[in-house]
Amino acid sequence: MVKAVRFHSTGGPEVLAYENVDVAAPAAGEARVRHSVIGLNFIDTYHRSGLYPLPLPSGIGLEAAGEVEAVGPGVTHIKAGDRVAYAGGPPGAYSEVRLIPADKLVKIPAGVSDEQAAAMMLKGLTVQYLIRRVYRVQKGETVLFHAAAGGVGLIACQWLKALGVTVIGTVSSDEKAAIAKAHGCDHTIIYTREKFPERVREITGGRGVPVVFDSVGKDTFYGSLECLQPRGLLAVLGNGSGPVKDVDINVLAKGSFYVTRPTLMTYTAQRSDLESSSKELFSVVKSGEVSIEINQRYALEDAAQAHRDLEGRKTTGSTVFKP
């Protein structure tokens, strides 16, 4: 028996239960991984709350690093003893040991720690597909990135800065503004006291930006559209304030805007995409262009408190669990 966090009904952090579970031998195409570090992500709260429904009861968590204990028949790209990491389904990362499809795993290269890998895989791969594939940001451009002091935001600010991009970031406080600026954000907008569309227009001399990366959702959707240049792209990657509903598509006609709702699962569905994206992410971390800021650490049994802190906007950078 091993320990894992599971939930039997949706709701607040209190539904998370720290339980004993059995883990079988890996079947064909599977691997059994003993986690050393587990990552916390906002999507975990969507699964727990029921915003993104899962069959119940369910495990939770999409990101971790650890060591392969065993592999099932047909698995050749990894073996027992390998250090590996993953980001994506199926949920169940909040556990000491788990089974997972082996094709979801990538080897952690020398020079990257388990803690870095667990803190960066989902967030870092999210940044990679956003700025290299959803919209391939070019040197000299200016972009708007919401929640710039969060886990995804801090990686994005650094990576964009390394690409020669000017970053405008929204944050909720002066403290978070300072953190974002220290990681490459050129202009911070404190949305709790400033109207961010007006500030973006001011910063850009009225031009707006070609792309907005928005993980906030409902509260920022229309304001984000106001920030775009004609034919600009709004990439909605999360629902921090709730999902965007009942949108009149005619609002896009103001500037012939594009809107996309991308997901990491789609952009890493092919093994070749997962490998190439991971390789690029590991490269910018090993080079020092991107550092992974782990600002909160919790015991796995304290998952409920970690969710409260994340939803209460008390966290910055990445958060990890130690099983």
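Which residues in α9 are buried? The structure is a predicted model, in which local features need pLDDT of at least 70 and side-chain atom pairs count only at pLDDT 80 or more, while totals for chains, interfaces and linings use all residues. Residues are numbered from 1 along each chain as its sequence is written, and side-chain values use heavy atoms, with hydrogens and water left out.

In α9, the buried residues are A303, A304, A306, H307, D309 and L310. Buried means under 20% relative accessible area, exposed over 50%, and partly exposed in between (1.4 Å probe, protein chains only). Helices (H or I, at least four residues) and strands (E, at least two) are DSSP runs, numbered from the N terminus. The buried residues of α9 pack against several elements, including α1 (42-49), β3 (30-40) and β15 (294-299). R313 follows α9 and has a positive phi, near 55°.

T316 lies in the loop between α9 (303-311) and β16 (318-322). T316 counts as buried because its relative accessibility is 11%. Its side chain makes a polar contact with the side chain of N295 (2.9 Å). A polar contact is a pair of N or O atoms within 3.5 Å; within protein, one must be able to donate a hydrogen and the other to accept it, and residues adjacent in sequence count only if both atoms are side-chain atoms. Leaving aside neighbours within four places in sequence, T316 is in contact (heavy atoms within 4.5 Å) with A149, K176, I179, N295 and Q296.

β3 runs antiparallel to β5 (residues 63-71), joined by seven bridges. Two strands pair if DSSP finds at least two bridges between them. R32 stands opposite A70 in β5.
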